[in-house]
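Here is a short note to read beside the sequence and the model. Please keep both open while you go through the points.

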Amino acid sequence: AATAPRIPPTRLALHHFDINYSLQLKELWPSVRAGLLCEQKYGALLNNFSLLDHVTQELELLNATDFVSEATKKVQSVVAAEEGVVMQAEAMTQAEISPPLRASISSNIKCYTFPRGDITRFRPARPDTLGILDYYLMDAASLLPVLALNVQPDDFVLDLCAAPGGKTLALLQTGACGKWVFLKLLLLQVLVDVPCTTDRHSVMEDDNNIFHKRRTKERQMLPMLQLQLLMAGILATRPGGEVVYSTCSLSPLQNEHVIERALEIAETQFNIAIRVEDLSHFRMLFQDTFSFSSDCRLGELVLPHLTANFGPMYFCKLCRM
């Protein structure tokens, strides 16, 4: 008997997303779907360990801008405006002035992107005379969890899932990490960038695709694995410590639901209180570069969009009380 034709995992993934994300995203799904199926947009993360002057000039001549420094300027202007209002009204305390905006955005991270609607590609990175690359091409949205972590000088940082290493690379560019920790001690900063369905890869590449039929059970167990990793990150932090959880999936089962379950387990089984930090200011700071979901209950979600085709990228910041 003839064997049934093999269905490519990319088609299985798209069928799965059509069923689930059309219900989740409703009228936004056709646009997000088109973004997922089109060429991804990249950012150029500058390598602070290389000679940067000529690279910066070259990128700016191409009309690319450093979206992190642009956000920093926006923070400074907003805070200055609010302080002016406070001085006039003399009715608000310093603590009442947009606390999230007062949290610094690491200016040491420099990532250049082309404007919305501009599909220009960056040239491949070139090594200098010492063999050091001048920049790294990556999804610029993957820097948002690193920026949310807000690493300060000499912080002990644990990158719990450091493969393939893009976010670790970005953390190194901050120049703030005192040590990379692989010891049994309680930390202040933990990044938990978990394995997920990697939605864009799943609809574009058959190779190493988690929607391959032989990986069905592995895919179904992802939320459990993600929960276990997040709990490990929470338990690794000391009181006052912070955890940033992230995925490159649109799925609420891998995003908000994992956060909710972790909060419940932390309280009921470990008597640990967790506060979910408000990251809504990221939408204001980076709206010129990324397309954000307005319906994310916990954390923030970058949606692929044809004019700003980054993501998907979900990130949520937790603080251990």
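The numbered points below go through strands, a sheet, cores, aromatic rings and a few single residues.

1. Basis of the note. This is a predicted model, in which local features need pLDDT of at least 70 and side-chain atom pairs count only at pLDDT 80 or more, while totals for chains, interfaces and linings use all residues. Residues are numbered from 1 along each chain as its sequence is written, and side-chain values use heavy atoms, with hydrogens and water left out.

2. Strand E8. Helices (H or I, at least four residues) and strands (E, at least two) are DSSP runs, numbered from the N terminus. Strand E8 covers residues 237-247 and is mostly covered, with 8 of its 11 residues buried. Buried means under 20% relative accessible area, exposed means over 50%, and partly exposed lies in between (1.4 Å probe, protein chains only).

3. Partners of E8. Two strands pair if DSSP finds at least two bridges between them. Strand E7 (residues 187-193) runs parallel to E8, and 6 bridges join them. Here Val190 has Val243 in E8 as its bridge partner. With strand E11 (residues 313-320), E8 pairs in the antiparallel sense, over 6 bridges. In that pairing, Phe315 in E11 is opposite Ser246. As background, side chains in a regular strand alternate between the two faces of the sheet.

4. An open sheet. In what order do the 4 strands of the open sheet lie? The order is E2-E3-E1-E4, and the pairing is antiparallel. Strand E2 (65-66) and strand E4 (135-138) are the edge strands, each pairing on one side only. Strand E1 (residues 43-46) is joined to E4 by 4 bridges and runs antiparallel to it. Across these strands, Leu137 in E4 is opposite Ala44. Helix H3 (residues 53-61) packs on the sheet and touches E1, strand E3 (111-113) and E4. The direction of H3 makes about 160 degrees with that of E1. Such axes are lines fitted to C-alpha atoms, for helices over the stretch in contact, and angles run from 0 to 180 degrees between N-to-C directions.

5. Nonpolar cores. A nonpolar core is a set of buried Ala, Val, Leu, Ile, Met, Phe, Trp, Tyr and Cys residues joined through side-chain atoms within 4.5 Å. The largest one has 41 residues, and Leu230, Ile234 and Leu250 have the most contacts inside it. Two or more residues each come from helix H1 (9-25), helix H2 (29-37), E7, helix H10 (222-235), E8, helix H11 (256-270) and E11. H10 gives the largest share, 6 residues. Leaving aside neighbours within four places in sequence, Ile234 is in contact (heavy atoms within 4.5 Å) with Val243, Ala262, Ile272, Ile274, Leu318 and Arg320. A second, separate core has 32 residues, including Val146, Leu149, Ala170 and Leu279.

6. Aromatic rings. Rings of Phe, Tyr and Trp (its six-membered ring) pair if their centres lie within 6.5 Å; planes under 30 degrees apart count as stacked, over 60 as edge-to-face and the rest as tilted. The structure holds 13 aromatic pairs. Tyr21 and Trp29 form an edge-to-face pair, at 5.6 Å centre to centre and 70 degrees between the planes. Both Tyr21 and Trp29 are buried. Why is the pair of Phe290 and Phe310 edge-to-face? Their ring centres are 5.2 Å apart and their planes are at 70 degrees, so the pair falls in that class. Phe290 lies in the loop between helix H12 (281-286) and strand E10 (300-302), and Phe310 in the loop between E10 and E11, so the pair ties together parts that are 20 residues apart in sequence. Phe290 counts as buried because its relative accessibility is 1%, and Phe310 because its value is 0%. One aromatic cluster is formed by Phe67, Phe282, Phe286, Phe290, Phe292, Phe310 and Phe315.

7. The UniProt record, an unreviewed entry, places the feature "binding site" at Asp193. UniProt positions are given in the numbering used here, feature names are shortened, and annotations may be inferred rather than shown by experiment. Asp193 is found in strand E7. Is Asp193 buried or exposed? Asp193 is buried, because its relative accessible area is 17%. Leaving aside neighbours within four places in sequence, Asp193 is in contact with Cys161, Lys167, Ser246 and Thr247.

8. Helix H7. In helix H7 (residues 166-173), the buried residues are Lys167, Thr168, Ala170, Leu171 and Gln173. Just after H7, Gly175 takes a positive phi of about 70 degrees.
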